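Please keep the sequence and the structure at hand while reading.

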Amino acid sequence: MPRAVRLRPLEHEGWVAMDFLRQQLFNIIAFVFLGLFVAVWGSVLLRVGFWVPDGRTAAPPLNGALVTAAGVLATSLSSLTASALGFTIAEVRRDEEVRRDLAPGDADANVAFNPAEVTARLSGRIVAAVVVYLAVGLLVLLLWLVKGTASTDLIGAFALSLLGWLIGAAGVVFQTEKPLS
């Protein structure tokens, strides 16, 4: 008698590795994305940092693929972290409105939000993304300030983008200083 072919394993056989991958999928994606960001920007930092002006070119040559990848990754990570922080702050404010039985929007004017509550609601992936973005961004900013015109437009663009991100984040940080009413 021919044996029946099973397309899926029985529940008790389980796929331990597959279950682990399924449970950790978002962490794996975040790790790959952040690792790629660090690798690409690390390559840019090394190439620009160790480049010595030779009198023929004003800045080190970088290939188009590296420039494009670095720009896309920096813009993406900046947007992702800023939006995650913004949405989390909005959630905390909304919950504060509900807790105090305020009309929608009243918390924006009268109630400071608790920054500890915001950070407690952030996932570990978002915290890691913010830390990686700030660490790499600060290295880029320092390199830009040290190298000046001997760096590339890519370095300058990311440094200015980081400054803009920091100004926005500082605005939120200092806004939390409002006293509770």
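A residue counts as buried when its relative accessible area is under 20%, as exposed when that area is over 50%, and as partly exposed in between. The model discussed here is predicted, and the points below are grouped by topic.

**Surface patch**
- M18, F20, L21, I28, F31 and V32 together make a nonpolar surface patch of about 590 Å², and the elements that give two or more residues to this patch are helix 1 (16–23) and helix 2 (25–49).

- In soluble globular proteins, nonpolar side chains tend to be buried together.
- The largest nonpolar core holds 27 residues, and among these the members that touch the most others are F37, W41, V44, V140 and F158.
- At least two core residues come from each of helix 2, helix 3 (64–99), helix 6 (124–147) and helix 7 (153–175), with helix 6 giving the most, namely eight residues.
- Leaving aside residues up to four places away in sequence, F158 touches F37, W41, A74, Y133, V136, G137 and V140.

**Helix 7**
- Helix 7 has 23 residues and, at 1.5 Å a residue, should span 33 Å, which agrees with the 33 Å between its end C-alpha atoms.
- Its buried residues are L154, I155, G156, F158, A159, L162 and W165, and what covers them includes helix 2, helix 3 and helix 6.

Technical notes:
Residues numbered from 1 in each chain as written. Predicted model: local features only at pLDDT ≥ 70, side-chain atom pairs only at ≥ 80, totals over all residues. Heavy atoms only, no water. Patch = residues over 30% accessible without salt bridge, like charges linked within 9 Å, V, L, I, M, F, W, Y side chains within 5 Å. Areas by Shrake-Rupley, 256 points an atom, 1.4 Å probe, with all protein chains shown as cover. Salt bridge = Lys/Arg side-chain N within 4 Å of Asp/Glu carboxyl O. Helix = DSSP H or I, 4+ residues; strand = E, 2+ residues; numbered from the N terminus. Core = buried A, V, L, I, M, F, W, Y, C linked by side-chain atoms within 4.5 Å. Buried < 20%, exposed > 50% of the residue type's maximum accessible area, 1.4 Å probe, protein only. Contact = heavy atoms within 4.5 Å. Expected span 1.5 Å × (residues − 1).
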